[in-house]
Amino acid sequence: MTLETIDYRANDAAEKFVTSLKETGFGVLTNHPINKQLVEDIYREWHQFFNSDEKRNYLFKPETQDGFFPAEVSETAKGHSVKDIKEYFHVYPWGRIPDSLKDNILIYYASANSLAAELLEWVEQYSPADVKQKFSIALPKMIENSQKTLLRVLHYPPMSGDEEMGAIRAAAHEDINLLTVLPAANEPGLQVQLKDGTWIDVPSDFGNLIINIGDMLQEASGGYFPSTSHRVINPEGLDKTKSRISLPLFLHPNPEVKLSDNYTADSYLMERLRELGVI
C-alpha cells in the first residue's frame, strides 16, 4: 500500500483527504497554498542557526517550553529508552526567536495555522453525524486564537557513525495534538505504520504537505480518527552526511477545551508531557 497524494485544488480534495486520515491517520496534499520558496528559505536560515553557537543563547525555559532544546535533552519517545538523534527549537509567536529568523518563521506559522483551520473544517464536514456529536465545539473553534499551537524547527544532524545502539532520528511515536502539519522535509525518512504493523514511506517530494492525526483528535472523535505511529529512520549511504530540517506545526486547542468526558486539552497535554519526562 502507498499513501496517495491529494490535489488540494481538486473538487473532491476535502472528502479524499478525510478518507485518507480515517484509513491511515495521514493525508498528503499537493498544490496547497503554503509557499515553497518560504519553506526553502526557512530551511536554509535555520540550518545556519543550528550550525552556529548562537543557538545556546536561546536555551529553552522549562516553565514556558520556548527556545532551543539541545540533543542532550532531546525527547525519548514513549516506551523507548534511547534518546532520539535530534535537536530543535520551539517557536511560539509570544516566545523568544532570534531577530534575524523572526520574519519568515512567523509568516510560515500564520499561513500553516490558517491552512490547518481549514483542514479541521474538512474533518468536521466529512465526519459521520455520531462522531460530530462527540466534538464539544466545532473543531476549528477549538484552536481559535490558541496560544498553545507549537511550531517545532527540528534539526537532525548528519550521522557520525558513533550513535548510541538502537538510536534513530525519531523513534516510533504518536503526536499529542489535534493535527500535525508538516511540509515534506529536504530529505526522506518519514514512515507510517499501517494497521497490520508494516511500515510504509510517506511521500517526501519537496512541495508535498504531510498531515497526520494526533492523540487529541483520536480522543475527541472517540477513536474514529486514528492517531498512527510514525518514525524518522536513519539515512543510508551518501545521505548519512546530510542533515535534515523539519517544520512540524502541532495544532493545540485552547487549554479549557473539553476533548472528552475524561480530559480537557490541558489535562491531556500535562499527562503526556509528564510521561515524556519534559515536565
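Me: Which residues of helix 7 are buried?
Reply: In this predicted model, the buried residues of helix 7 are Ala 265, Tyr 268, Leu 269, Arg 272, Leu 273 and Leu 276. They cover an arc of only 125 degrees around the axis, which puts them on the same side of helix 7. The buried residues pack against helix 6, residues 215-220.

Me: Why do residues three or four places apart point the same way in an α-helix?
Reply: Because an α-helix has 3.6 residues a turn.

Me: How do you know that the span of helix 7 agrees with its 12 residues?
Reply: Helix 7 runs over residues 265-276, and at 1.5 Å a residue it should span 16 Å. Its end C-alpha atoms are 17 Å apart, which agrees.

Me: What comes just after helix 7?
Reply: Gly 277 does, and it takes a positive phi of about 80 degrees.

Me: What makes Asp 261 exposed?
Reply: Exposed means over 50% relative accessible area. Asp 261 has 74% relative accessibility, so it counts as exposed. Asp 261 lies in the loop between strand 13 (249-250) and helix 7.

Me: Why are helix 1 and helix 3 called roughly perpendicular?
Reply: The term is used for angles of 65 to 115 degrees. The axes of helix 1 (residues 13-24) and helix 3 (residues 99-125) cross at roughly 80 degrees. The two helices are therefore roughly perpendicular to each other. Their axes come within 9 Å.

Me: Which residues make the contact between helix 1 and helix 3?
Reply: Helix 1 contributes Ala 13, Ala 14, Phe 17, Val 18 and Leu 21, while helix 3 contributes Leu 119, Trp 122 and Val 123. By class, this contact of helix 1 with helix 3 has eight nonpolar residues, no polar and no charged ones.

Me: How do you know that the span of helix 1 agrees with its 12 residues?
Reply: At 1.5 Å a residue, helix 1 should span 16 Å, and its end C-alpha atoms are 16 Å apart, which agrees.

Me: What makes the buried residues of helix 1 belong to the same side?
Reply: The buried residues are Ala 13, Ala 14, Phe 17, Val 18, Ser 20, Leu 21 and Thr 24. They cover an arc of only 155 degrees around the axis, which puts them on the same side of helix 1. What covers these residues includes strand 1 (5-7), strand 2 (26-30), helix 3, strand 7 (179-183), strand 8 (190-193) and strand 10 (209-213).

Me: What follows helix 1?
Reply: Gly 25 follows, with a positive phi near 80 degrees.

Me: Why is Tyr 108 called buried?
Reply: Buried means under 20% relative accessible area. At 0% relative accessibility, Tyr 108 counts as buried. Tyr 108 is in helix 3. Leaving aside neighbours within four places in sequence, Tyr 108 is in contact with Ile 34, Leu 38, Val 39, Ile 42, Leu 151, Val 181, Pro 183 and Leu 247. The C-alpha atoms of Tyr 108 and Leu 249 are separated by 9.7 Å, though these residues are 141 apart along the chain.

Me: Why does Leu 120 count as buried?
Reply: Leu 120, also found in helix 3, has 0% relative accessibility, so it counts as buried. Apart from neighbours within four places in sequence, Leu 120 is in contact with Leu 139, Pro 140, Ile 143, Leu 178, Leu 179 and Leu 251. Leu 120 and Pro 140 are 20 residues apart in sequence and 5.6 Å apart in space, C-alpha to C-alpha.

Me: What is the phi of Asn 31?
Reply: Phi of Asn 31 is near 55 degrees, a positive value in a residue other than glycine. Most residues other than glycine have a negative phi.

Me: Is Gln 65 buried or exposed?
Reply: At 12% relative accessibility, Gln 65 counts as buried. Gln 65 is in the loop between helix 2 and strand 3 (67-69), and its phi is positive, near 65 degrees.

Definitions and conventions. Residues are numbered from 1 along each chain as its sequence is written. This is a predicted model: local features need pLDDT of at least 70, side-chain atom pairs count only at pLDDT 80 or more; totals for chains, interfaces and linings use all residues. Side-chain values use heavy atoms; hydrogens and water are left out. Axes are lines fitted to C-alpha atoms, for helices over the stretch in contact, and angles run from 0 to 180 degrees between N-to-C directions. Helices (H or I, at least four residues) and strands (E, at least two) are DSSP runs, numbered from the N terminus. Angles under 35 degrees count as roughly parallel, over 145 as roughly antiparallel, 65 to 115 as roughly perpendicular and the rest as oblique. Contact means heavy atoms within 4.5 Å. Ala, Val, Leu, Ile, Met, Phe, Trp, Tyr, Cys and Pro count as nonpolar, Asp, Glu, Lys and Arg as charged, and the others, Gly among them, as polar. The expected span of a helix is 1.5 Å times one less than its number of residues. Buried means under 20% relative accessible area, exposed over 50%, partly exposed in between (1.4 Å probe, protein chains only). The arc is that of the directions from the helix axis to the C-beta atoms.
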